[in-house]
Amino acid sequence: MKSRSDGALTPKARLSDDDERRIREVHDYLRSTGDIDAVTDVLPPRAPAEMIEAITTHCVVDHAGCLVFPTDPAAVRAFLRDHGLHPLRPFTGSVVRDRLAGRYHVQEERLKSGFLHVRSIHARLPDDPSRAVEVLCVGPDDGLDLPALRDERLEKHENHVAVRLTDPGRLEDLRSALLRPGGPRPDGGGYDPVPGEDGVTVLRFHADGRTRLGWPRRLEVLAAGRHTDVLLRHLSGDGAERRLLRRLTGAWGTQALRVMADLELADHLAEGPLTCTELGDRTGVDADRMNRLLRALCHPWVGALTPVGETYALTDLGRRLAGRSPDSMRHLALLYGDLLYRSFCALPEGIKDDVQPFTVVYGQPPFEYLRDHPRERRLFTRAMAEGSAFFSDVATVVDLSGARTVADIGGGDGGLLAHLCDTYPNLRCALLERPEVIGAARDNLDARGHLDRCTLVPGSFTDARDVPTGADVYIVARILHDWDDQTCLAILRAVHGAATADSTLLVIERPLPDDPADPSVSSLWDLHMLVNNVGGRERSREQYRSLLDEAGFVVVDERPLRLDMSVTIARTVASECRSGRPVRQV
């Protein structure tokens, strides 16, 4: 942002350094960021590609904005002019005023008395007049108390990117596209009568997390003119009542997905859209009842199907429920919609009465129940394999090129070892698992062509005699969260006793974030562990570090994986004396 006089940036005395920095930051962002990158920046990190395409095809970036706190808005206009921009006449930012009033509980009576008067100043870029810096101005004596002002300065709540529809008539289409699964959530909006002859309708959206500059992920969609019906629909989706209703009825969506998986609808639709009658004929279900299920699966709160004329087609989410899909989650839907769903009905007893909910419902602790019920055990094993998409990340984020042998302790069906064998053709492996599970590992590794490189060890990871000795790398993946601290220590000490002084340990878990409001799913998984496990729990990074330290390991690094998982890399502090006990060699 250059001065027209001498190319230097000279702060104006009547603007604070912080306000000038905020305006510069927005200006530089607009100058350096294209439409696709700007839109991607404010959408959720995994927003569908078709959502980004829908925005960038029908919209252009109009402005980026920030909130400042000048004693006189004229100082803002002077600053903008002095640095080569062309500020327009200020107008009242009624949408932002209402947002600030709601955030800081400013009473309606005070608003009517003239408090919280927000001025919006747009300044077009000289080399790209289609884009503008929007500076929202609130004076220090304009109705916000000091804590509110400090919060705004720290959190930058009002920083945003705005896109303008080239065809305002497509506003509802674009709003619907943004409400698809994987998109942002509605975050208010309004009608500003000042910009242009017909004013502008503003729909705001918000996603969790921060942009690369630390701004909130906030997107404004601007459509010239007044679009009352669209705005009302948007605002009705923003209310606390609707958000709460969505959560209270989440069980209905879960059961709809379970039935979709049970009827194998995704497999029937894999080749193309079908009508409800055609799907009813293929599954033996009455066409009317099938139609009611399919409509529910199309709802944005579920998002597994999409209507195509008189037929129904799979979304990206729905494709995951096809049993033949390479990234299928069908068995997870069956598990979470049945066995581990009914146990959650006993959550009140688990919280209030200190009983184990799964045991209350099924009469046995989880692992004993699975041992005695082969069908449910097979479903559980398949579901855990489907929920391990992050296994393929391990070989990418951890370099095992120098390892000759890897031992997976409690390695399930061998899915992680199969990925490692795919990447490292000279690697030799061992897998320790319960006798009733080891068969699934044998079948999987054989199907993947790696059985000849893997030694299968039936046994218990709490029995130090069963743990293979002398491996270069030990892996304990999704095991520790199943157990209390003492059992975790027994597992880690058994591994330490089998390891050499040069061995590396990889612990793969979903750590709890320090902030309870963090969007990581681990806090919900911790509740799941309370219901469907005995003594298990998710732990913080510090709690895992403490367990490893007590077992004789030192943490040397951590690498993120998908689905909020991470791999903690640890090494032995010192080798222990292992004489006098039988050992299993890798």
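A salt bridge here is a side-chain nitrogen of Lys or Arg within 4 Å of a carboxyl oxygen of Asp or Glu. Keep that in mind, because we start with one such pair. The side chains of Asp-557 and Arg-559 meet in a salt bridge, 2.8 Å from N to O. One caution before going on: this is a predicted model.

How exposed are the two partners? Asp-557 is partly exposed, at 28% relative accessible area. Arg-559 is partly exposed too, at 29%.

Now look at Glu-558. It forms a salt bridge with Arg-541, and the closest N and O atoms are 2.9 Å apart. Glu-558 sits in strand β18, residues 553-560, and Arg-541 in helix α27, residues 541-550, so this pair ties together parts that are 17 residues apart in sequence. Glu-558 has a relative accessible area of 30%, which makes it partly exposed. Arg-541 is partly exposed as well, at 44%.

Stay with helix α27. Which of its residues are buried? They are Tyr-544, Leu-547 and Leu-548. These residues cover an arc of only 95° around the axis, so they are on the same side of α27. Turn to the face away from that buried side. There you find the exposed residues Glu-542 and Asp-549. What covers the buried residues? The cover includes α25 (485-498), β17 (504-509), β18 and β19 (566-572). Just after α27 comes Gly-552, with a positive phi of about 100°.

Next, the nonpolar cores. In soluble globular proteins, nonpolar side chains tend to be buried together. The largest nonpolar core in this model has 44 residues. Which members touch the most others? Those are Ile-23, Ile-55, Val-76, Leu-178, Leu-219 and Val-221. Strand β1, residues 59-68, gives the most to this core, with five residues.

Go back to Leu-219. Leave aside its neighbours within four places in sequence. Its contacts are then Val-42, Leu-43, Ile-55, Val-161, Val-163, Leu-178, Leu-203, Arg-204 and Phe-205.

Val-42 leads us to helix α2, residues 35-42. Buried in this helix are Ala-38, Val-39, Asp-41 and Val-42. They span an arc of only 155° around the axis, and that puts them on the same side of α2. The face turned away from the buried side carries Ile-36 and Asp-37, both exposed. What do the buried residues pack against? Their partners are α1 (17-32), α3 (49-58), β1, β6 (160-165), β8 (200-210) and β9 (216-224).

Arg-330 has a relative accessible area of 12%; buried means under 20%, so Arg-330 counts as buried. Its place is in helix α16, residues 330-336. Beyond its neighbours within four places in sequence, Arg-330 is in contact with Ala-261, Asp-262, Glu-264, Arg-320, Leu-321, Gly-323 and Glu-386.

One of those contacts is Arg-320. Arg-320 forms a salt bridge with Asp-327, and the closest N and O atoms are 3.0 Å apart. Is this pair buried or partly exposed? Arg-320 counts as partly exposed, at 34% relative accessibility. Asp-327 is partly exposed at 36%.

How many salt bridges does a search of the whole structure find? It finds 36. Some join into a network: Asp-18, Asp-19, Arg-21, Arg-22 and Arg-153 are linked this way.

On to helix α21, residues 374-386, where Ala-383 has its place. Ala-383 is buried, with a relative accessible area of 0%. What touches it from farther along the chain? Leaving aside neighbours within four places in sequence, Ala-383 is in contact with His-331, Leu-332 and Leu-335.

Last stop, the surface. Ile-351, Leu-527 and Leu-530 make a nonpolar surface patch of about 240 Å². Ile-351 lies in helix α18, residues 347-352. Is Ile-351 buried or exposed? It is exposed, at 52% relative accessible area.

Terms used:
Residues are numbered from 1 along each chain as its sequence is written. This is a predicted model: local features need pLDDT of at least 70, side-chain atom pairs count only at pLDDT 80 or more; totals for chains, interfaces and linings use all residues. Side-chain values use heavy atoms; hydrogens and water are left out. A nonpolar core is a set of buried Ala, Val, Leu, Ile, Met, Phe, Trp, Tyr and Cys residues joined through side-chain atoms within 4.5 Å. Buried means under 20% relative accessible area, exposed over 50%, partly exposed in between (1.4 Å probe, protein chains only). Helices (H or I, at least four residues) and strands (E, at least two) are DSSP runs, numbered from the N terminus. Contact means heavy atoms within 4.5 Å. Patches are made of residues with over 30% relative accessible area and no salt bridge: like charges are joined within 9 Å, nonpolar side chains (Val, Leu, Ile, Met, Phe, Trp, Tyr) within 5 Å. Accessible areas come from the Shrake-Rupley method with a 1.4 Å probe; for residues, only the protein chains shown count as cover. The arc is that of the directions from the helix axis to the C-beta atoms.
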